Amino acid sequence: MKTDCCRRKAETWSDAERERSRGLIWFRKVRNMNKVIITVVGKDTVGIIAKVCTYLAENKVNILDISQTIVQEYFNMMMIADMEHAAASFDAVAAGLDKIGEEIGVKIKCQREEIFTKMHRI
């Protein structure tokens, strides 16, 4: 009986209410993640994305979003990743990315999302 009542209520929701409801559920899931921002900058070479993504996959770091661009011969990439189920600590992953950056001739920086969130609150 209770499910019928809830179903009827859901059927009367407007599209906007349904979208807000879905967004709220998605927001709750995202809020529990351990997000990091990874930036890669340097001279473009073959395999930059492959090496970074392979390293992250090996450490069970999930890539949520990625954006990359090449301006003349310079490579720039920004990634948002989730370390909730990572096989290594934040410091270990950041150090590993730094080492990969040195090997391929780019600068890789890994920062916790919290830094950006708190910076914008000030």
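**Entry 1: after α3**

Helices here are DSSP runs of H or I with at least four residues, strands are runs of E with at least two, and both are numbered from the N terminus. The model is predicted, so I note its limits: local features need pLDDT of at least 70, side-chain atom pairs count only at pLDDT 80 or more, and totals for chains, interfaces and linings use all residues. Residues are numbered from 1 along each chain as its sequence is written, and side-chain values use heavy atoms, with hydrogens and water left out.

Lys-60 is a residue other than glycine. Most residues other than glycine have a negative phi. Lys-60 sits in the loop between α3 and β2. I looked up its accessibility: at 57%, Lys-60 counts as exposed. The cut-offs are under 20% relative accessible area for buried, over 50% for exposed and partly exposed in between, with a 1.4 Å probe and protein chains only.

I checked Asn-59 too, in the loop between α3 and β2. Asn-59 is buried, at 14% relative accessible area. Leaving aside neighbours within four places in sequence, Asn-59 is in contact with Ala-86, Ala-87, Ala-88 and Val-93. Contact means heavy atoms within 4.5 Å.

**Entry 2: another positive phi**

Gln-72 is not a glycine, yet I read a positive phi of about 55°. Its place is the loop between β2 and β3. Gln-72 is exposed, with a relative accessible area of 69%.

**Entry 3: the chain as a whole**

I counted up the secondary structure: 5 helices and 4 strands. Along the sequence the pattern reads α-α-β-α-β-β-α-β-α. The chain has 122 residues, and 25% of them count as buried. Of the contacts with a separation of 6 or more, 66% join residues 24 or more positions apart.

**Entry 4: helix α3**

Which residues of α3 are buried? I found Ile-48, Val-52, Tyr-55 and Leu-56. Seen down the axis of α3, these buried residues fall within an arc of 100°, so they line one face of the helix. The arc is that of the directions from the helix axis to the C-beta atoms. The face turned away from the buried side of α3 carries the exposed residues Ala-57 and Glu-58. The buried residues of α3 pack against β1, β2, β3, α4 and β4.

**Entry 5: helix α4**

I checked the length of α4, residues 90-104. At 1.5 Å a residue, its 15 residues should span 21 Å, and the end C-alpha atoms are 21 Å apart, which agrees. The expected span is 1.5 Å times one less than the number of residues.

The buried residues of α4 are Phe-90, Val-93, Ala-94, Gly-96, Leu-97, Ile-100, Gly-101 and Ile-104. Down the axis of α4 they fall within an arc of 160°, so they line one face. An α-helix has 3.6 residues a turn, so residues three or four places apart point the same way. On the other side of α4, Asp-91, Lys-99, Glu-102 and Glu-103 are exposed. The buried residues of α4 pack against β1 (35-43), α3 (48-58) and β4 (106-112). Just after α4, Gly-105 takes a positive phi of about 80°.

**Entry 6: the core**

How many residues has the largest nonpolar core? I found 22, and those with the most contacts inside it are Ile-38, Val-40, Val-52, Leu-56, Leu-97 and Ile-108. Such a core is a set of buried Ala, Val, Leu, Ile, Met, Phe, Trp, Tyr and Cys residues joined through side-chain atoms within 4.5 Å. The elements giving two or more residues to this core are β1, α3, β3, α4 and β4. The largest share, 6 residues, comes from α4.

Not counting residues up to four places away in sequence, Ile-108 touches Ile-38, Thr-39, Val-40, Val-52, Leu-97, Asp-98, Ile-100 and Gly-101.

**Entry 7: charges over rings**

I looked for charges over rings, meaning NZ of Lys or CZ of Arg within 6 Å of the ring centre and within 35 degrees of the ring normal. The charged end of Lys-43 sits over the ring of Tyr-74, 5.4 Å from its centre. Arg-112 lies over the face of Phe-90, at 4.1 Å from the ring centre.

**Entry 8: Asp-65**

Last, I looked up Asp-65, in strand β2 (residues 62-71). Asp-65 is partly exposed, with a relative accessible area of 46%. Not counting residues up to four places away in sequence, Asp-65 touches Met-78, Met-79 and Ile-80.
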